[in-house]
Amino acid sequence: MKSNYFRSKLFLKYIWSYLFILLIPLVLMTILIYRNAVESLRSEIEQSRSSQLTQTKIIVDGRMKELNDIASRVSYDNRLTPYRVHDPIYSGEAIQALDQYKATSSIISEMYLYFHKDSKIYSSKGLSNFEVFAKTLSFHNWNKTSLLSDLNSIQYPTMRPADTVNLTPHRQETMMAYLIPITPNSPHPHGTVMYLIKESELTSLIDSVLGNFQGLSYILDNQGQILASNRQGEGLTEAEMKEISEMKPGIFELTLNKKALSIVSVKSDNNGWTYVTVMPSAQFFSSVLHVRSFIIILFVILVLIGVGIALILARKQYQPISMLVEFAASKSSTKQVADRTLVNGGNELERIRTALQEYGSRIDLQESFARNHLLSTLLKHGNAHSLSPEFQEALDIHFDGSCYFVMVIGWEPSGDLQEDRLEQERRDITELLTQVEFPEMNAAAFGVELPQLDQFALIINFNPLAEMDRFHQVQHIVEAVRSILLETFAVIPKIGVGSCYHSPSYLNQTFIEACSAFDLKVSSLSGTVTYFEKLTFSMDNLTLWIPSSSLMKLSQSLKQGSFEVAEQTIRSALHNLHVSELPVLLKRCICFDVLNTLLKTASGLGIHHFVQDVDPNLIYSQSPEEIERGLLELAGRICNQVEQNNKKKEQSLIDQIVAYINHHFTDQALSLEAVANEFSVSAAHVSRSFKEKTGVNFVQYIWQKRLDEVMRQLVSSTDPLKEIIQRVGYLDTPNFIRKFKKETGLTPGQYRKIYSGTSPDSAAAGQQSDA
C-alpha cells in the first residue's frame with residue numbers, strides 16, 4: 001500500500017469509518033458475552049460462597065441451640081438441683097447426669113455446673129474445689145478472679161473468644177467457653193452452665209461446608225470480637241478486622257495493604273454472630289479471570305483482523321471518488337446495525353422481565369403462608385401493635401377499627417358430596433373467608449384456617465355505628481357471615497363468638513373465648529351461634545363467687561396452652577381475695593374452684609402427674625398472694641406441658657405426612673388438600689407445618705421427589721422417557737422436560753447418555769459436581 005494513502009484525510013476517514021462499522025458491533029457483542037458469561041459466572045460464584053456461608057451459619061446456630069437446650073434441661077433436672085448436688089448421697093447421680101448431657105453434643109469438650117457463691121464446681125468427671133479447678137484449667141486471657149465473677153454474675157448466654165488453655169504442664173489447647181445462666185431467661189439465675197469447646201470443632205464445621213476454601217474464616221460476636229478463626233495464610237491485623245466487622249452482611253471487595261480481597265459475611269438473627277470469609281479476589285474469582293482473559297485475547301485478535309479488513313476495504317474505497325456515495329451507504333448500514341443492537345437489547349430486557357415475573361410468582365406463593373402464620377400467631381399471643389404498617393400493607397391486613405372480636409366457625413359438609421367436590425368446597429370457603437368486607441357495618445374480617453379440618457377463625461375489626469349498640473352490631477356481623485355460608489355452600493355452620501375488645505392486643509383473649517363458646521355447642525346436630533358474652537350473662541348465676549364463664553375460659557386457655565390468657569383469668573377470678581372481707585372459708589372455696597378447674601382440665605388432657613405434685617397446704621396455710629402465685633405456677637406448668645405435648649404430636653404428624661408423601665409421590669392425584677383430608681387437618685396447617693419441617697413448600701418437595709426418581713430411572717433402565725415421566729405422576733411431559741433442563745442443565749436424553757453407565761447415586765453426585 002502506498003504511503004501517500006496515509007497522508008490523505010479522506011483515506012484515514014474511510015479507515016476509521018470501517019473500523020467503527022466493524023468495532024461497534026464487535027464491542028456490543030463482547031459486552032453482551034461478558035455480561036452473560038462473566039458476570040453471570042461471577043454472580044454464581046458469589047451466591048455459591050454466600051450460600052455455603054449461610055449453611056455454615058445454620059449449622060453452627062443449630063449447635064449453639066443444642067447447647068442452650070441442654071442448659072435448659074439441666075435447669076429443670078431434679079438430679080441437678082443445688083440440694084441434690086450438695087448431698088453426698090445424690091452427688092454421684094448429678095455427676096453422672098452431667099456426663100449424660102455432655103454426651104448429647106459432639107462439640108462439647110467438657111461441661112461444668114456452678115451454683116452462685118459456691119466454693120465448688122461440678123463437671124462430668126467429678127466434683128472440684130474452685131481453687132483447684134482454676135489452677136488446673138488455666139486460661140491465658142481469663143484469670144481466676146474474672147472467671148469467678150463471670151460465673152456468678154452473667155445474666156445471658158455469653159461466648160468467650162477462643163483462648164489458649166493450659167490443660168496440663170505440657171499440653172495446651174485453643175478453646176472457647178460458652179456460659180449460660182440457669183434458669184435460662186430468668187432475671188435472677190441461680191447458677192451457670194459452662195461448656196468448653198475446642199476452636200477446631202467450629203472451624204472444622206466451616207471447613208466441611210466450604211470445601212476446598214483457601215483463605216481466612218472468622219466467627220465474630222455482636223461486638224465485633226473474634227470468637228473463632230481458621231487462618232490459612234497470613235491473618236488480618238486488628239485494624240483490618242475492625243473495618244470488616246463494621247460492614248453490613250453481604251459480599252464486598254476491599255483493598256487492604258494493596259491487596260484486593262473478596263469478603264463474604266452473613267449475620268445470624270439468633271445470637272447476632274457474624275460469619276466472615278476473606279480471600280484474595282484473584283482466587284475467589286479465578287474462573288471469572290480465566291473467562292475474562294479469554295474474552296480479552298479474543299477481542300484483541302478480532303480487532304487486529306478488523307483493522308486489516310478495514311485497510312483493505314478503505315484502499316478499494318479510496319480509488320474512485322464516486323465511492324463517496326458508498327461511504328454514505330455505509331453510514332446507513334451503521335444505522336441498521338444500531339437498530340439490530342436495540343432489538344438485541346430489547347430481548348435482554350424481555351428476559352429480565354420474565355425473571356422478575358418468576359420472582360414475583362414465588363413471592364405470591366409465599367404470601368399465603370406468611371399471612372396464615374401471622375394471623376395464627378396473633379390468635380395465640382395477640383400483640384398486633386408489633387406489626388409495622390409496611391408489613392400489614394404487604395399482606396393486605398389492616399387493623400384500623402376500634403373494636404375487635406374473633407369468630408370460630410366449623411361446618412359439616414353435605415354427606416352426599418364426592419371427595420373431589422368436598423375439597424373444592426373447602427377451597428371455596430377458604431377463599432371466601434380469607435378476607436371479607438362489611439361496608440354497611442364498618443367492619444372487615446381476616447380469616448385463618450385452624451389446624452382442625454373444616455374449622456376457621458375470623459378476626460373481625462369494626463367501628464361502632466351510632467344507631468346501634470356494640471353487641472347488636474356484633475350480632476349483625478355474625479349473622480351476615482352465617483348467611484353467606486348458608487346461601488353459598490351446602491354446609492351447616494357452627495359458630496362460637498368471643499367477647500369484643502377495644503384493642504387488637506386482646507385477640508388471644510377473644511379467641512380463647514370463641515373456642516370456649518364453640519366447644520360448648522360443637523356437638524349440636526344443627527347449626528348454632530354461641531356468644532361468650534351471653535354465656536357470661538346466663539351462667540353467672542350458677543355459681544356464687546366465680547363466674548362459670550371465667551372457669552370455662554380458664555379451662556380453654558389451658559387446653560390451648562395460652563398462659564397469658566390463663567394468667568389474666570386467674571388474677572381476675574382471685575381479685576376478691578385481695579379486696580374483699582370474705583370469710584376464710586369462702587375464700588378457700590373460691591380457690592378450690594380455680595384449683596379444681598386446673599386439675600380437672602389437666603386430667604382431661606392426660607396430664608395426671610400434676611395432681612400428686614400439688615402442695616397439700618396450697619389453699620389452707622398460705623396468704624392470698626402466695627395462693628395466687630401457686631395457682632399461676634401450676635397453670636404455667638400445665639401450659640408448658642400442653643405446648644410440649646402439642647409439639648410432640650405435631651412432630652409425629654408431620655413425620656407421618658412426610659412418610660405418606662414419600663410413599664405416594666408418584667400418585668397423580670396427590671395434592672395438599674388430599675393429604676390434609678387423609679390426616680383430618682386443614683390444608684393451611686399442613687402447608688405451614690410441612691415447610692417448617694422440611695424447609696421447602698409442598699409443591700417443591702413433590703417436584704424434587706419426582707425429579708430424583710426420573711433421574712434414577714433414566715440411569716437404571718431403558719424405558720421410554722414419556723413412560724418414566726408418567727410413571728412418577730407427571731402428565732405434562734413437555735413441561736417436565738423444560739423444568740428438568742432448567743434444574744440440571746441437561747435434557748433427559750443428554751442426562752441418560754452421560755450417566756447411563758453409572759449407578760443412580762453416582763450419577764446424581766456427578767450431576768451436582770458438574771453443576
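Predicted model: local features only at pLDDT ≥ 70, side-chain atom pairs only at ≥ 80, totals over all residues.

Mentor: One term to begin with: accessible areas come from the Shrake-Rupley method with a 1.4 Å probe, and for residues only the protein chains shown count as cover. The accessible surface of the protein chain comes to about 40,800 Å², with 54% of it belonging to carbon and sulfur atoms.

Trainee: How many helices and strands does the protein chain have?
Mentor: The protein chain has 28 helices and 19 strands. Both are DSSP runs numbered from the N terminus, helices being H or I with at least four residues and strands E with at least two.

Trainee: And what share of the residues is buried?
Mentor: 42% of the 771 residues count as buried. Buried means under 20% relative accessible area, exposed over 50%, and partly exposed in between (1.4 Å probe, protein chains only).

Trainee: Which residues have the most contacts inside the largest nonpolar core?
Mentor: Met64, Leu67, Leu80, Met111, Leu113, Tyr195 and Ile197, in a core of 38 residues. A nonpolar core is a set of buried Ala, Val, Leu, Ile, Met, Phe, Trp, Tyr and Cys residues joined through side-chain atoms within 4.5 Å. Elements giving two or more residues to this core include helix H1 (9–75), helix H3 (91–103) and strand S8 (191–198). H1 supplies the largest share, seven residues.

Trainee: What does methionine 64 touch?
Mentor: Leaving aside neighbours within four places in sequence, methionine 64 is in contact with Ile107, Met159, Tyr178, Ile197, Leu202, Asn271 and Trp273. Contact means heavy atoms within 4.5 Å. Apart from that core lies another, of 30 residues, with Trp411, Phe471, Leu485 and Cys500 among them.

Trainee: Switching to strands. Which residues of S15 are on its covered face?
Mentor: In strand S15 (residues 435–438), Val436 and Phe438 make up the covered face, while Gln435 and Glu437 are on the uncovered one. In a regular strand the side chains alternate between the two faces of the sheet.

Trainee: How many bridges link S15 and S16?
Mentor: S15 and strand S16 (residues 443–449) pair in the antiparallel sense over four bridges; two strands pair if DSSP finds at least two bridges between them. Phenylalanine 438 has alanine 443 of S16 as its bridge partner. The two strands form a hairpin with four residues between them, and asparagine 442 in the turn has a positive phi of about 55°.

Trainee: Is S16 buried or exposed?
Mentor: S16 is mostly covered, with seven of its seven residues buried. Ala443, Ala445, Gly447 and Glu449 point one way, and Ala444, Phe446 and Val448 the other.

Trainee: What's the next strand that S16 pairs with?
Mentor: S16 also pairs with strand S17 (residues 455–462), antiparallel over seven bridges. Glycine 447 has leucine 458 in S17 as bridge partner. In their hairpin, with five residues between the strands, aspartate 454 takes a positive phi near 60°.

Trainee: Last one: where is leucine 302?
Mentor: Leucine 302 is found in helix H9. Leucine 302 counts as partly exposed because its relative accessible area is 30%.

Note on methods: Residues numbered from 1 in each chain as written. Heavy atoms only, no water.
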